[in-house]
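Please read it alongside the structure.

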Amino acid sequence: MTDSSIQPSDIPLELSEREQRGNIWRLAVAQALAGANSVVVYATGAIVGSTLAPTPILATLPLSIFVVGMALCTLPVGAIAGRYGRRTAFLAGAGCGVLAGLLAMYASFTSDFWLFCLSTFFGGAYAAVVLSFRFAAADGVAPARKARALSMVMAGGVAAGVVGPQLVTWTMDLWPQQLFAVTFLAQAIVAALSAFILFGVRLPIPSAAQKRGGRPLAAIALQPRFIAAATCGAISYTLMNFLMTAAPLAMHMHGHSTASSNLGLQWHVIAMFAPSFFTGRIIARFGAERVMITGLVLIGISAAVGLRGAEVVHFWWTLILLGLGWNFGFLGASALVLECHTDAEKTRVQSLNDFIVFGLMALGSFASGGILGVYGWNTVLWVSFPPLAITVLALVVLQFREKPVNAEAVEQ
């Protein structure tokens, strides 16, 4: 139903094709630059953590704190975007990215483990903002093209898969006395460059009437489609992070070089984002639910490959298939979220979805380091199968029981 206080002039018009293209390109470039932030954290976090931590069991705590930052900042990001517009939220996030790099550099000089953990928290806040780019790309775009717009912005992560690992490789030895110090400085500079790109983004700003409109959040969250989207997004991201967090340290424990783990992470991130050039079309043709299930199956295959051995090639193929599965699972879930809300509800619903995703992801991240340290890499892989099986089964059941709901019709 429509709020009677909303006048036709308050309903945001679609952006022109030129504005849409400009937003998509700017957001894709910003995604590419900002994605390097996450890659740097994952490539260095466990290694620096194992060096600075007071006990080995805390080695992956900086990575877990990174995920906590993502989870805790999703709702504030949504509130800022809803009140002041998305661009304000984007620039605040880029500021967190600059601060994260500078704090990490200082922590490496002072050998301060807890300050390093604080830096990864700000890095997580930045990552939470960056992931909202995908929803911003759909603002002002016709419903039939929203999934493709979302997908194209995520494709910018392909460049992040190259920039991030190479940024680590090229800079980590520039100051031999302080491993990764220059890397963290470069991370801050890249975040500042991303902020410059985001200044040119033009997005609809919600009117006062639209901020008051919409259904109660609980009613939206209980929709079968929202439950399916949030569940699949959470499991896809949690398991991707669960395995990726442990992989670099597991490779180090099996005697593989840092360069090998960096290259594995590079191909993992490329696999995460490269399919985005066509994932939107696949979703439009086959439906988000089928794409989500395919992604979860690919994640299961990646864990099975990892169980076949502990050579470099096994780690690489595990990371590559993991990235592909995440792309299908997460983008399919994100596209389904867009079908669950009206324009008046979008920032609240999208931030709630991301809060659920990253909250569960934080729990998985904390568990990853402890399981790896106590039980080993194979146990980390085996633990992935039960939540995958349960989620696939739940999605199949929901697909058969759920009645299609057109969120756009709610506005009429």
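**Notes on a predicted helical model**

1. Ser-334 is found in helix α15, residues 312-337. Helices here are DSSP runs of H or I with at least four residues, strands are runs of E with at least two, and both are numbered from the N terminus. Ser-334 is buried, at a relative accessible area of 1%. Buried means under 20% relative accessible area, exposed means over 50%, and partly exposed lies in between (1.4 Å probe, protein chains only). Setting aside neighbours within four places in sequence, Ser-334 is in contact with Arg-134, Phe-135 and Leu-150. Contact means heavy atoms within 4.5 Å.

2. On provenance: this is a predicted model, where local features need pLDDT of at least 70 and side-chain atom pairs count only at pLDDT 80 or more, while totals for chains, interfaces and linings use all residues. Residues are numbered from 1 along each chain as its sequence is written, and side-chain values use heavy atoms, with hydrogens and water left out.

3. The overall picture is helical. The protein has 19 helices and zero strands. Of its 412 residues, 59% are buried. Take the contacts between residues at least 6 apart in sequence: 86% of them join residues at least 24 apart.

4. How do α3 and α4 pack? Helix α3 (residues 86-110) and helix α4 (residues 113-131) meet at an angle of about 155°, with axes 8 Å apart. α3 is therefore roughly antiparallel to α4. Axes are lines fitted to C-alpha atoms, for helices over the stretch in contact, and angles run from 0 to 180 degrees between N-to-C directions. Under 35 degrees counts as roughly parallel, over 145 as roughly antiparallel, 65 to 115 as roughly perpendicular, and the rest as oblique.

5. The crossing of α3 past α4 is left-handed. That term applies if the near helix is turned anticlockwise from the far one by less than a right angle; clockwise gives right-handed. The α3 side of the contact includes Ala-89, Phe-90, Gly-93 and Leu-103, and the α4 side includes Phe-116, Phe-122, Gly-123 and Tyr-126. By class, this contact has 17 nonpolar, four polar and no charged residues. Ala, Val, Leu, Ile, Met, Phe, Trp, Tyr, Cys and Pro count as nonpolar, Asp, Glu, Lys and Arg as charged, and the others, Gly among them, as polar.

6. Helices α6 (residues 146-154) and α13 (residues 276-286) pack at about 160°, with axes 7 Å apart. They are therefore roughly antiparallel to each other. α6 passes α13 in a right-handed crossing. The residues of this contact divide into five nonpolar, four polar and two charged.

7. Asn-37 lies in helix α1, residues 17-52. Is Asn-37 buried or exposed? Asn-37 counts as buried, at 3% relative accessibility. Its side chain reaches the backbone oxygen of Gly-123 at 3.2 Å. Not counting residues up to four places away in sequence, Asn-37 touches Phe-66, Gly-123, Tyr-126, Ala-127 and Gln-187.

8. Leu-352 sits in helix α16, residues 346-375. Leu-352 is buried, with a relative accessible area of 17%. Leu-352 and Leu-217 are 135 residues apart in sequence, yet 8.8 Å apart in space, C-alpha to C-alpha. Neighbours within four places aside, Leu-352 is in contact with Leu-75, Leu-217, Ala-221 and Phe-226.

9. His-252, in helix α11 (residues 224-253), is exposed at 51% relative accessible area. His-252 and Ile-47 are 205 residues apart in sequence and 8.8 Å apart in space, C-alpha to C-alpha.

Note on methods
Polar contact = N/O pair within 3.5 Å; in protein donor to acceptor, adjacent residues only side chain to side chain.
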